[in-house]
Amino acid sequence: MTTHPFPAGFLWGTATSAFQIEGAHDQAGRRPSIWDRFADTPGKIEDGSDARVACDHFHRWRDDLAILRDLGVGAYRFSVAWPRIKPHGRGATNDRGLDFYDRLVDALLAAHIAPFVTLYHWDLPQELEDEGGWAARSTVDAFVAYADVVARRLGDRVRHWVTHNEPWCIATLGYEQGDHAPGHKDPVRALRAAHHVLLSHGRTVPVLRHHSPGSQVGIVLNLVPAEPATESAEDQDATRWFDGFFNRWYLDPLYRGGYPEDAIDDRVQQGHLPDGELPFVMPGDLAAIRTPTDFLGVNYYSPAILRGEPATDGGAPRRIQVVADAPRTDMGWEVRPSALHTLLLRLHREYQVPKIYITENGCAYDDPIGADGQIHDARRIAYLTGHLVALSRAIALGAPVAGYFHWSLLDNFEWGHGYTKRFGLVHVDYATQQRTPRASASVYRTIVTANAVDSSTSP
Ligand code: FCB
């Protein structure tokens, strides 16, 4: 048995997002977001569901806070729903929306749980999408104005702010691949959207610092370490392409002040950009995006393996993501803790990221409730402990990781998959809203209390 300790003061938490848990879709002044509209569009959500009720957290938040207390965590990452605060996207502020988060923050602080507030976890007010959404530059100003009112209200108590959750998903899944709201399939719009999300981040950092002096501000990226299927030149080039598209398109502007040249060339070759030009980048944008932050939030779930095939028609080569012959979760995502280790050391060495929080890491597995009333989710326990061992090793080698948030506290509305994927440490029965902590919740409590993970905790 080997025990892997974490540094003193390491922060342990769980993560959720507003749209996935809150429900109360039309209450206390909230108006529709792009996800309400998307879920109402036939064929978009795997089980035909929506998030009108979800986990009913808007009404049951006190019960959920009691679960956090039982877990013993020192932090909780949640998001504020823009359509509760500015129901029309811009203009009038809805105080009843702010009141909800105000009470939540106070109750968390009273329980000695640090609130990590994410301002945008994908629920863009529908009226802004009607004006072009993230592909429109005017959405940047709307976001900054929304962030301003949230920071004015909560900034005296919230010490950790996240501007955006996963810009790649916002832009690519929402505007290029169409699997997420608003469901566009337009790569040119997606590039504009990515830029405007990054720009709105950079413009918001000083606003948060102004209203919340002394707090820490960051952005959350979903990073996917990539490796070639073989050492062939084609596979290596496919890996370079993937890394540029997925990781460096965001890391480079945030930490190096510009988009990666090779990835720009890829987009030109794919016909998504005019020759070497980024027509949506205005003077001053790159400096704003590069505004120094206090931390990077890293969401890590799985690595990618790439294979390349030469172009047959003179166009861009084919790049194929290969499915590994390895353990996978219900999402089909490969389980590979060592890739987290590699990723963290890369961020430390190549980007000199000053501080990292693992803002999401977790797995979908649907284990049944046993005859004893318990849910023995052995695979989640193995996933959790495996990734924490990898994390502790990366920290020992110098990766500046200050905390870990497990995704998720509760089973919830998993976007295009509806309720078919269960990520919670706590099981939710959607018919009764009953919460049942899984065995993994008690393992997590042990880890949090010990500030250490025991590699033999794996079943
Ligand atoms: C991430 C999202 C989060 C959740 C997990 C499984 O991409 O940030 O909301 O859906 O994936």
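This is a predicted model: local features need pLDDT of at least 70, side-chain atom pairs count only at pLDDT 80 or more; totals for chains, interfaces and linings use all residues.
Residues are numbered from 1 along each chain as its sequence is written, and side-chain values use heavy atoms, with hydrogens and water left out.

I begin with the sheet. It is open and has 3 strands in the order 7-9-10, with mixed pairing. Strands here are DSSP runs of E of at least two residues, helices are runs of H or I of at least four, and both are numbered from the N terminus. Two strands pair if DSSP finds at least two bridges between them. Strand 7 (226–228) and strand 10 (318–322) stand at the edges with a single partner strand each, so one side of each has no neighbour in the sheet.

Strands 7 and 9 run parallel and are joined by 3 bridges; A226 has A304 in strand 9 as its bridge partner. Strand 9 (residues 304–309) and strand 10 run antiparallel, joined by 5 bridges. Within strand 10, Q321 stands opposite L306, and R318 is the bridge partner of E309.

Helix 10 (residues 233–256) packs on this sheet and touches strand 7, strand 9 and strand 10. Contact means heavy atoms within 4.5 Å. A salt bridge is a side-chain nitrogen of Lys or Arg within 4 Å of a carboxyl oxygen of Asp or Glu.

I turn now to the salt bridges. By this rule the count comes to 40. In one of them, R435 and D64 have their closest N and O atoms 2.9 Å apart. R435 lies in strand 14 (residues 434–437) and D64 in helix 3 (residues 57–71), so the pair ties together parts that are 371 residues apart in sequence. Both R435 and D64 are buried.

Another salt bridge links E334 with R336, at 2.8 Å between the closest N and O atoms. E334 counts as buried because its relative accessibility is 10%.

How values were computed. Axes are lines fitted to C-alpha atoms, for helices over the stretch in contact, and angles run from 0 to 180 degrees between N-to-C directions. Buried means under 20% relative accessible area, exposed over 50%, partly exposed in between (1.4 Å probe, protein chains only).
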